[in-house]
Amino acid sequence: MDEKPQIQALNRSQPVLPIAPGISERRTHDYVRYGPTALFAAFDVATGEIITALHGRHRAVESKRFLIRIDKTVPAHLQA
């Protein structure tokens, strides 16, 4: 399990213009901020499964909620 707090959720103010023959993809320089978010992730090396959760805040409550989610996802025969 790992966590990455304070990720800025951004979006461009205009849609990205697609690539055309001889022209590269174009984006606007400005963006809209949606505030920070916290990403929680757990990786099961045996199966390659990734369990993720996004939360608007990064507190002990959100960490505990994610640990409970992992506990419910892991099969009972693998728990110690």
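Which residues lie nearest the centre of the largest pocket? Select Asp44, Glu49, Ile51, Ile70 and Val74 and you have them. Keep in mind that you're looking at a predicted model. The whole lining takes in 12 residues, and the pocket's volume is about 200 Å³.

Now colour strand S2 (31-43) and helix H1 (60-73): these are the elements that give two or more residues to the lining.

Next, click on Val74, which sits in the segment after H1. Is Val74 buried, partly exposed or exposed? It counts as partly exposed, because its relative accessibility is 31%, and that falls between the 20% and 50% cut-offs.

Time to go inside. Nonpolar side chains tend to be buried together in soluble globular proteins. Here, select Ala38, Phe40, Ala42, Ile51, Ala53, Phe66 and Ile70, the seven residues of the largest nonpolar core. S2, strand S3 (50-55) and H1 each give two or more residues to this core, and S2 gives the most, with three.

Last stop: zoom in on Ala42. What is Ala42 in contact with, leaving aside its neighbours within four places in sequence? Show Met1, Glu49, Ile50, Ile51, Phe66 and Ile70 to see those partners.

Conventions:
Residues are numbered from 1 along each chain as its sequence is written. This is a predicted model: local features need pLDDT of at least 70, side-chain atom pairs count only at pLDDT 80 or more; totals for chains, interfaces and linings use all residues. Side-chain values use heavy atoms; hydrogens and water are left out. On a 1 Å grid over the protein atoms alone, a cavity is a set of points where a 1.4 Å probe fits but cannot get out, and a pocket is an open set with protein on both sides within 12 Å along at least five of seven lines; lining residues have an atom within 4 Å of a point. Grid points are joined across faces, edges and corners, and a volume is the space filled by probe spheres set on the points. Helices (H or I, at least four residues) and strands (E, at least two) are DSSP runs, numbered from the N terminus. Buried means under 20% relative accessible area, exposed over 50%, partly exposed in between (1.4 Å probe, protein chains only). A nonpolar core is a set of buried Ala, Val, Leu, Ile, Met, Phe, Trp, Tyr and Cys residues joined through side-chain atoms within 4.5 Å. Contact means heavy atoms within 4.5 Å.
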